[in-house]
Amino acid sequence: MYPAAVDQALALPADDAVEALLRLPENQWFERKSGVIKPADLAVPLVAMANSEGGVVIAGLSAGGVVPVSDRADNELRQAAADFTRPCVRTQVHELATTMGRVLVFRVGPGDHVHETNKGECYQRIGDESRRLSFAQRQELEWDRGTVCFDGTAAPGGTVADLLPQLRSYQEALGSSSPELALHARDLLTKEGSVTVAAHLLFADRPQSTFPNAHVRILRYSDNERGVGRTHTLEDGADIRCEGSLPTQIAAATAAIEQLMPRRRALAESGRFEGVPIIPRDAWLEGLVNALVHRSYSIGGDHIRVEIFPNRLEITSPGRFPGMVDPTRPESISRNARNPRIARVCADLGVTQELGEGIRRIFSEMRRIGLVDPIYVQASEAVRLTLLASNAIPGEVITQIGESGERILTALRLAQRPLGTGQIAELVGLTRPTVLRHLTKLRDADLVSWDGESPKDPRATWRPN
């Protein structure tokens with residue numbers, strides 16, 4: 001579910017809106033609470049969403065129905081942010097006057113500071129839960145959030161009129177009656193009504209006029225080393241700059257990478273041997289989107305670079321990892337949007353899911369086809385992701401199992417489910433005895449496992465380890 005679904009539901013008549021909201025699953029940007037919730041307890045999701053990308057909390061819906069807010073509780077809940085959060089979480093509250101009772105809608109904007117409850121507890125929205133942060137996690141959030149998120153500051157000279165051509169479709173997706181209301185719904189205007197950096201980058205036809213380095217550069221080299229001077233290996237015509245709004249850049253960069261990516265003949269997911277990219281598309285695309293959504297746009301001296309070599313792809317993004325993150329353990333990095341407004345709009349547009357899965361998905365995609373794990377390196381003002389087209393299996397093991405054994409292992413990995421010996425033989429075009437002989441070698445090398453009741457079990461299957 002995209003976060004825009006909540007806005008679309010809220011645009012309906014009150015009773016219809018309630019029915020739609022009850023059907024929607026709770027997620028990163030949406031939570032339902034009973035109308036009898038205590039104000040101090042309501043403060044928890046308010047703080048959690050303010051420390052993430054914002055969202056909507058509904059008071060009055062619970063257990064699949066309406067549990068309305070009473071007259072007595074109405075004012076207390078409206079004051080929950082003022083009475084039980086520090087600094088006060090910025091919320092907009094309005095009432096759904098349904099025939100089943102009062103339902104309150106709390107729209108929470110992303111905070112410019114780290115927020116906590118009046119008990120000193122800090123929360124962040126992770127998926128469909130408000131997760132309490134440890135001391136170290138809170139320090140990390142404070143380090144990254146700083147005083148003000150740059151994407152929430154005013155874009156120099158930006159106007160709503162500059163955004164209209166690309167903003168119209170987004171306005172319709174949110175169900176807003178005007179472009180200004182769509183911008184307000186995602187905190188894309190400052191308190192003074194100025195266009196934010198986030199809005200300018202997301203919807204302006206050419207934000208590079210204000211932020212010259214807010215673009216992606218795609219380069220392909222003919223050798224595994226860049227070289228210098230006369231030995232420079234950058235290929236002629238393989239230096240592509242992708243400009244425009246962020247969604248436009250993502251589309252253009254995706255097309256350019258697909259065009260320039262080296263291919264090799266291998267067993268594809270179709271079950272046939274075809275030319276396949278040396279790096280899986282889902283892995284590099286996730287890395288590209290992460291770079292565009294989470295880079296530091298306040299750093300004006302550099303742009304995002306995607307460099308393609310015969311044996312790898314590198315993505316370099318301005319800005320360090322947030323706070324005290326250990327770049328040697330990237331899979332442990334919690335979701336922490338440097339640009340919360342950009343992240344939420346990209347989720348609205350379906351560009352990202354924004355569930356903290358990005359880095360883990362890159363690892364998963366590389367491992368799925370047997371390539372070595374991604375490598376993250378943090379420099380003084382940038383992060384570089386390297387995706388190597390190298391088999392994770394040691395060279396001596398590859399020699400032991402042979403080319404046919406590697407083909408069989410690839411087929412099992414791509415299938416992503418256990419397969420019988422006959423199914424594997426059909427996929428790789430080898431005889432059953434030959435496949436069985438190679439599967440035995442793979443099992444001896446601890447690369448695959450056999451599951452069956454007896455040696456002659458016709459339902460026995462093989463799966464990759």
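The structure is a predicted model, in which local features require pLDDT of at least 70 and side-chain atom pairs count only at pLDDT 80 or more, whereas totals for chains, interfaces and linings use all residues. Residues are numbered from 1 along each chain as its sequence is written, and side-chain values use heavy atoms, with hydrogens and water left out.

**The nonpolar cores**

Please begin by selecting Val 216, Ile 218, Ile 257, Leu 313, Ile 342 and Leu 387, the residues with the most contacts inside the largest nonpolar core, which has 62 residues. A nonpolar core is a set of buried Ala, Val, Leu, Ile, Met, Phe, Trp, Tyr and Cys residues joined through side-chain atoms within 4.5 Å. Buried means under 20% relative accessible area, exposed over 50%, and partly exposed in between, with a 1.4 Å probe and protein chains only. Next, select helix α11 (residues 281–294), which gives the most to this core, with 8 residues. Helices (H or I, at least four residues) and strands (E, at least two) are DSSP runs, numbered from the N terminus.

Apart from this core lies another, of 20 residues; Val 44, Leu 77, Leu 104 and Tyr 123 are among them.

Now centre the view on Ile 218. Leaving aside neighbours within four places in sequence, its contacts (heavy atoms within 4.5 Å) include Ala 238, Cys 242, Ile 257, Leu 260 and Ile 308.

**The cysteines**

A search of the whole structure finds 0 disulfides, a disulfide being a pair of cysteine sulfur atoms within 2.5 Å. Select Cys 242 together with Cys 346: the sulfur of Cys 346 is the nearest cysteine sulfur to that of Cys 242, 16 Å away. Cys 242 is buried, at 2% relative accessibility. Cys 122 is buried as well, with a relative accessible area of 4%.

**Salt bridges**

The whole structure contains 31 salt bridges, each a side-chain nitrogen of Lys or Arg within 4 Å of a carboxyl oxygen of Asp or Glu. Select Arg 90 and Asp 187, whose closest N and O atoms are 3.1 Å apart in a salt bridge. Arg 90 lies in the loop between β5 (85–86) and β6 (91–98) and Asp 187 in the loop between α8 (179–185) and α9 (197–203), so this pair ties together parts that are 97 residues apart in sequence. Arg 90 is partly exposed, at 34%, while Asp 187 is buried, at 16%.

Glu 243 is partly exposed at 32% relative accessibility, and Arg 206 is partly exposed at 45%.

Then select Glu 314 and Arg 312, whose side chains meet in a salt bridge at 2.8 Å, N to O. Both of these residues are buried. A further selection, Asp 71, Asp 74, Arg 78, Glu 95 and Arg 102, shows one network joined by salt bridges that share partners.

**A hairpin and a helix**

Select β6 and strand β7 (residues 101–108), which pair in the antiparallel sense over 8 bridges; two strands pair if DSSP finds at least two bridges between them. The two strands form a hairpin with 2 residues between them. Leu 96 has Val 103, in β7, as its bridge partner.

Finish at Thr 421, in helix α15 (residues 421–428). Thr 421 is buried at 10% relative accessibility. Not counting residues up to four places away in sequence, Thr 421 touches Arg 432, Val 435, Leu 436, Leu 439 and Trp 462.
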